[in-house]
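Biologist: I'm new to this one. Could you put it on screen and walk me through it?

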Amino acid sequence: MKSKFFVLLLTILVSCGSDDITTTVTPTQEKTNILLIIADDMGIDATPSYSLGTTKPSMPNLENMLNTGVKFNNLWSYPTCTPTRSSIITGKYGFRTNVLKVGDVLPTSEIALQKHLDNNSSGYSHAVIGKWHLSTDANHPTNMGVGYYAGLLSGGVQSYTNWNLTENGQTTNATDYTTTKFTDLAIDWIDNQTQPWFLWLAYNAPHTPFHLPPNDLHSQGVLPTDDASIDANPQPYYMAMLEAMDSEMGRLLASMSQEEKDNTIIIFIGDNGTPNQVVQEYSSQRAKGTVYQGGVNVPMIISGKDVNRVNQVEDALLNTTDLFATIADLAGTGTSEINDSKSFKELLTSSNSSFRNYVYTEIGKETGGSDYTIRNTTHKYIRFENGNEALYNLSVNPLENPNLLNANQLPLSDSDSAIKDELTNELNAIRQ
């Protein structure tokens, strides 16, 4: 049974002699449920409605979110799965937590978003279902303060139908299709909630291995399923995996009553750019795993409760760290800024292209150093681990060409030189 925290009118009639005394008590307004859906390895080139990319998946449920909510053009993630997830759950840049690359372990000393909700008496139940990828310790989600965890601890699976499912510290073999299983778990968990809830639903689709999902979940048609065919032309399989995820998102929403859907805000994001095997328009060397736009400029669509902007586009600069403060703010904790996170709740009701002056991201290297980058509304600066630098005017060419610091582009114009100084000064201030 679902308890909805309806607005109740409680009338107590007390007789005292010949007088009738009526006392009316009206509880506070129902709190908004929060659903965060994370797609694994989905860049803007693979997302409906974004201008980059010529081949798009059929995702009617996501497109309905686009039509009824806000599309964000300038969200920066990290270039790979682990540090992006860490940035969301801590609201901190990777160099502060030492989570900079795939496989880095998030220290349990960090205050996770879920624990922050508890510490601030939010009244929310919370769960993470799906891909974790912040540690392979089966107890790590619980030790971070997550109320309920079920999913995939590692970064990926060898097979979407033969994988290890961990649920509250216990790991067993699972043969259900991962996208479907995570949806089943989400439906069951939501159905059992008796208070406002925050669900972090992290699909591992469309992460490799590329494959053909169950036929009823996609519209790519009949395709060969042998490895050689998939390797020769992986894009339709990648699109089919995205469509399967959208189908399961639709099933999750259909399982909710209209009243519960009306009281839920849905935040959909990609965790990093598209893999190089299937990336569109960006160079394959500037996709997932790099600090170029193809690796870090990811989709975000928000719709539902408290979203007053319908079918609108927002160009504000945002970082995945900002989801921490925003979700905490939506949950009524009063958090507007914390760590490297700034609540963008205001953008759900009105546009503010100057919300942030800069966004920053980075990627750790196996050698111990990092590539890191910063941008303002027009320009982007990259400092590579090997000491090389790059400066791009994104307002002229969003595909980052040419590098204004190449010898054949120098000297910089006075305005580009001033912007370079501005960006490097801000970069140094962030990394102090």
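Predicted model: local features only at pLDDT ≥ 70, side-chain atom pairs only at ≥ 80, totals over all residues.

Biologist: Okay, how many helices and strands are in the chain?

Modeller: Both kinds are DSSP runs numbered from the N terminus: helices are H or I with at least four residues, strands are E with at least two. Going by that, the chain has 12 helices and 19 strands.

Biologist: And what is the radius of gyration of the chain?

Modeller: We take it over C-alpha atoms, and the globule rule is 2.2 Å times the number of residues to the power 0.38. For 432 residues that rule gives 22 Å, and the chain comes close to it, so it is as compact as a globular protein of that length. The radius of gyration of the chain is 23 Å.

Biologist: Which residues are buried in helix 1?

Modeller: Helix 1 runs over residues 60–68. What covers its buried residues includes strand 4 (70–76), helix 8 (235–254), strand 10 (264–270) and strand 11 (297–304), going by contacts, meaning heavy atoms within 4.5 Å. The buried ones are Leu62, Met65 and Leu66.

Biologist: Why do those sit on the same side of helix 1?

Modeller: Look at the arc, which is that of the directions from the helix axis to the C-beta atoms. They are on the same side of helix 1 because they cover an arc of only 100°.

Biologist: How many residues of helix 11 are buried?

Modeller: Helix 11 spans residues 322–330 and is largely enclosed by the rest of the structure. Its buried residues include Asp322, Phe324 and Asp329. After helix 11 comes Gly332, with a positive phi near 85°. As for the count, it is 9 of the 9.

Biologist: Last one: what is the relative accessible area of Asp191?

Modeller: Asp191 is found in helix 6 (residues 178–191). Its C-alpha atom is separated by 31 Å from that of Pro83, 108 residues apart along the chain. Asp191 is partly exposed, and its relative accessible area is 36%.

Key. Residues numbered from 1 in each chain as written. Heavy atoms only, no water. Buried < 20%, exposed > 50% of the residue type's maximum accessible area, 1.4 Å probe, protein only.
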